[in-house]
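Student: I have a model open and would like to learn how to read it. Could you walk me through it?

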Amino acid sequence: MIQEHRELAVDPRFPRQTLVSVLVFCIVWEILSYLAPSLGIPAFAIPSFVRIGQSLLTITPIDVAVTLARVIGALIVSFVLGLALAMAMYSSRSLENYLHPMIRLFMAVPVVSWILFAVLWFRGVEFRIGFVLLAVCGPVFLIDSLDAMRGVPRDLRGMMRSFRPTTLQFFIKLMLPAIVPSIITSWKINLSLAIRVVTIAELVGAVTGIGHQLAVAQELFSVADVFAWTLVLVALLFLLEALVIRIESRLLRWRP
Amino acid sequence: MSSPPPIEVRQLRKVFHQATSGQAVVAIERLDIRIEPREVVAIVGQTGCGKSTFFDLMIGLEAPTEGSIVIGDKTPYGDFDHFRGQIATVFQQDRLLPWRSALDNARLPLELIGLPEEVQRERALTWLKRLGLERFIDAYPHELSGGMRQRVAIARAFVVQPNILLADEAFGHLDEVTAAELRETFLALARECGSTAILITHQLEEAIGVGNRIIVFGKSAKLLADIKVAQWPKSEHAMLREAIQMTLQSNSPDPRLARVS
């Protein structure tokens with residue numbers, strides 16, 4: 001039977017508990033900022049919200065834009081390469097047998113090691129950051145996509161093959177739509193991963209971007225600036241996640 | 001649509017090797033059948049007798065170990081692309097793509113052939129209307145009942161107006177009334193399209209009700225009986241059913257079948 005009424009999706013993005021916990025944290029922080037000197041803690045270590053607000057006003061949009069561009073650019077390149085390689089590995093069992101152990105090995109390498117390799121191997125800053133992001137996020141996209149392809153029901157694969165599609169049609173009409181839920185999950189994981197990785201990479205060697213501004217704030221012992229830039233990073237992550245969720249609800253509107 | 005070619009199954013043999021032990025399992029042992037154009041053939045057999053393997057070989061999803069299936073002068077496995085749009089299947093479960101509407105599911109084979117989008121829509125709509133689904137063209141599979149989903153699957157099979165239609169236990173999971181109704185619709189459409197239809201079933205009533213011809217498979221798809229239903233008047237259908245039942249149970253042809261057919 002066709003369903004006459006669909007349940008309205010309730011999206012409690014700001015439930016009461018969230019607001020309460022954030023509010024309590026802010027109050028405790030503010031009290032601590034006033035009490036810090038009397039507790040023997042330097043005043044700059046716990047700045048008041050007024051001071052943090054002043055730092056927020058000095059945020060340079062160009063650094064936010066640069067970090068955002070690096071994250072999105074690297075994620076798109078990682079996704080395209082990861083997906084293409086996953087499709088090739090799905091099509092060729094021998095290719096998978098050769099590449100799978102290497103990919104697992106890459107995934108086990110710590111981010112800091114990738115950053116050091118990038119600094120030692122490459123001269124350009126953008127290339128170093130791109131390399132680190134690709135090395136960290138690419139394998140995640142690849143393995144998630146490949147696992148999802150392997151999970152596409154045998155019944156559906158048999159049905160599709162019975163209509164004799166070309167290899168490209170097989171992927172476009174069946175495999176890619178079928179793995180969209182896994183791809184979305186992969187994007188959510190990689191978004192937070194990429195923002196953390198790009199910040200560390202910028203911290204080490206960049207002259208622009210949020211990571212670089214965090215390094216400057218650290219050199220100036222400005223906790224308020226660190227707090228402000230961290231808030232921007234968190235807001236950026238939430239915004240990007242909200243965008244992915246919006247895309248997800250559009251792409252997966254067929255789900256009951 | 002061109003006239004469907006005859007189907008010749010010659011000394012067909014299919015052997016699988018178990019993944020763990022490597023032991024050989026003979027799914028089909030030296031099968032010979034000829035199916036004439038526009039025949040409606042019901043294939044019956046017990047579970048595990050090789051019906052589904054035969055189905056996969058007919059579609060071309062599996063390669064024969066020995067022997068061949070020849071349709072016209074081509075083989076469905078060796079000349080895989082040649083049969084695009086010529087062989088259509090209805091499976092036990094509807095196997096609709098959950099992210100596609102009824103209309104988009106029905107037009108899938110036309111997309112694969114590469115017809116213009118307007119033609120795809122128009123043709124899919126025609127078939128969905130014929131199957132009584134005009135009000136549900138935009139519905140997703142989860143919004144449809146089992147019978148309606150199977151109707152969409154039938155529309156998806158007929159939309160290419162295939163030469164050969166294959167149905168693997170296509171109505172077995174539905175309630176009796178819906179199954180009977182869909183079976184009738186399926187057969188009427190197959191006759192109208194002039195397609196050769198092969199229905200695999202384990203239900204004897206269904207086989208007797210739909211087929212011009214009933215092929216009875218024993219173990220390893222051994223051909224136990226090849227029955228022309230027209231030779232059995234309706235009054236003897238109960239006896240025919242009993243004779244097929246006995247054949248299946250003993251894995252050897254019941255003498256009553258040999259005598260009459």
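Student: How far apart do the C-alpha centres of domain 1 of chain A and domain 2 of chain A lie?

Tutor: This is a predicted model, and in it those two centres are 34 Å apart. Domain 1 of chain A covers 15-46, while domain 2 covers 56-251.

Student: How many residues does each chain bring to the contact?

Tutor: Chain A contributes 24 residues and chain B contributes 28 residues.

Student: And what about charges: how many salt bridges cross the interface of chain A and chain B?

Tutor: You will find 2 salt bridges there. One to look up is between the side chains of K173(A) and E111(B), at 2.6 Å from N to O. If you count polar contacts between chain A and chain B, there are 9 residue pairs, with both residues at pLDDT 80 or more.

Student: Which helices of chain A supply at least two residues each to the side that touches chain B?

Tutor: Those are α7 (154-162) and α8 (167-205). The largest share comes from α7(A), with 7 residues.

Student: How do the residues on that side of chain A divide by type?

Tutor: There are 12 nonpolar, 5 polar and 7 charged residues on the side of chain A that touches chain B.

Terms used:
Residues numbered from 1 in each chain as written. Chains lettered and ligands numbered in written order. Predicted model: local features only at pLDDT ≥ 70, side-chain atom pairs only at ≥ 80, totals over all residues. Heavy atoms only, no water. Contact = heavy atoms within 4.5 Å. Salt bridge = Lys/Arg side-chain N within 4 Å of Asp/Glu carboxyl O. Polar contact = N/O pair within 3.5 Å; in protein donor to acceptor, adjacent residues only side chain to side chain. Helix = DSSP H or I, 4+ residues; strand = E, 2+ residues; numbered from the N terminus. Nonpolar A, V, L, I, M, F, W, Y, C, P; charged D, E, K, R; others polar. Domains from an automatic or database assignment.
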